[in-house]
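Trainee: Let's go through this one together, please.

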Amino acid sequence: MPAQHILKLSDVPHHLDTVVHWNHEQWGRKSGRTLQNSADWFRQIMRNPSEDCMVMISGDKVIGMASLVDHDLESRQDLRHWLASVYVVPEQRGNGVAGGLVAAVEREAALRGIPLLHLYTENADALYEKLGWSVSEHFMLDEDRFTLMIKDPAD
């Protein structure tokens with residue numbers, strides 16, 4: 001198995017198209033965003049000093065991503081600092097890739113002095129609870145039920 005490394009997307013921008021495609025297929029299309037909207041969002045993340053996208057590289061392939069963003073839920077602009085867009089290629093799921101990426105985002109947030117991270121998920125509550133996240137609330141979005149979760153990144 002090739003060595004795995006977690007890097008900032010801004011350090012390996014040649015993987016941008018892959019990350020944009022994953023994000024668009026997983027979440028963007030359903031929410032009505034175009035592929036260009038997703039590309040613009042990741043370019044903004046790479047330029048914004050308060051945001052980052054982490055990618056896990058295995059050999060020369062990117063196998064997963066997770067982002068630290070200022071805002072990720074339009075209806076909750078009162079909340080700042082989010083873990084967003086956690087994605088792992090299907091053949092690598094269950095191998096600790098998501099946990100490694102989430103931990104990398106948490107470390108980055110802790111280094112920046114961020115006191116609380118938020119995330120929302122439709123069906124991965126159990127994964128995040130295993131990683132130390134707590135349920136904050138449940139809410140409906142476009143007729144789907146989601147869970148809002150929180151974590152102190154220094155824990």
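Trainee: Which element gives the largest share of the lining of the largest pocket?

Mentor: That's β4, with six residues. Here a pocket is an open set of points on a 1 Å grid over the protein atoms alone, where a 1.4 Å probe fits and there is protein on both sides within 12 Å along at least five of seven lines; lining residues have an atom within 4 Å of a point. Helices (H or I, at least four residues) and strands (E, at least two) are DSSP runs numbered from the N terminus. Bear in mind that this is a predicted model, where local features need pLDDT of at least 70, side-chain atom pairs count only at pLDDT 80 or more, and totals for chains, interfaces and linings use all residues. Residues are numbered from 1 along each chain as its sequence is written, and side-chain values use heavy atoms, without hydrogens and water.

Trainee: And which residues lie nearest the centre of the largest pocket?

Mentor: Trp 27, Asp 72, Ser 85, Tyr 120 and Phe 146, out of a lining of 44 residues. As for elements, two or more lining residues come from each of α1, α2, β4, α3, β5, α4 (125-130) and β7.

Trainee: How many bridges join β6 to β7?

Mentor: Seven, and that pairing is antiparallel too, with β6 covering residues 134-141. One of the opposite pairs is Ser 134 with Ile 150. The β6-β7 hairpin has two residues between the strands, and Asp 142 takes a positive phi near 50° there.

Trainee: OK, which residues of α1 are buried?

Mentor: Leu 16, Val 19, Val 20, Trp 22, Asn 23, His 24 and Gly 28. Their cover includes α2, β2, β3 and β4. The buried list for α3 includes Leu 101, Val 102 and Val 105, and also Glu 106 and Glu 108.

Trainee: What about the largest nonpolar core, which residues touch the most other members?

Mentor: Phe 42, Cys 53, Val 55, Met 65, Leu 83, Tyr 128 and Trp 133, in a core of 45 residues. A core is a set of buried Ala, Val, Leu, Ile, Met, Phe, Trp, Tyr and Cys residues joined through side-chain atoms within 4.5 Å. α3 gives the most to this core, seven residues.

Trainee: What does Met 65 touch?

Mentor: Beyond four places in sequence, its contacts (heavy atoms within 4.5 Å) include Val 19, Trp 22, Phe 42, Cys 53, Val 55, Val 86 and Leu 101.

Trainee: And Ser 67, buried or exposed?

Mentor: Buried, because its relative accessible area is 0%. Ser 67 sits in strand β3, residues 61-69, and its contacts beyond four places in sequence include Phe 42, Ile 45, Trp 82, Leu 83 and Val 105.

Trainee: Why does Trp 41 count as partly exposed?

Mentor: Because it has 22% relative accessibility. Trp 41 lies in α2 and is in contact with Asn 23, Val 69, Asp 72, Ala 84 and Ser 85, leaving aside neighbours within four places. Its C-alpha is 8.7 Å from that of Val 20, 21 residues apart along the chain.

Trainee: Where is Ser 38?

Mentor: Also in helix α2, and buried, with a relative accessible area of 1%. Leaving out residues up to four places away, Ser 38 touches Val 20, Asn 23, His 24 and Arg 33.

Trainee: Last one: Pro 49, buried or exposed?

Mentor: Exposed, at 72% relative accessible area. Pro 49 is in the loop between α2 and β2, and its C-alpha is 21 Å from that of Arg 76, 27 residues apart along the chain.

Methods. Buried < 20%, exposed > 50% of the residue type's maximum accessible area, 1.4 Å probe, protein only. Pairing = 2+ DSSP bridges.
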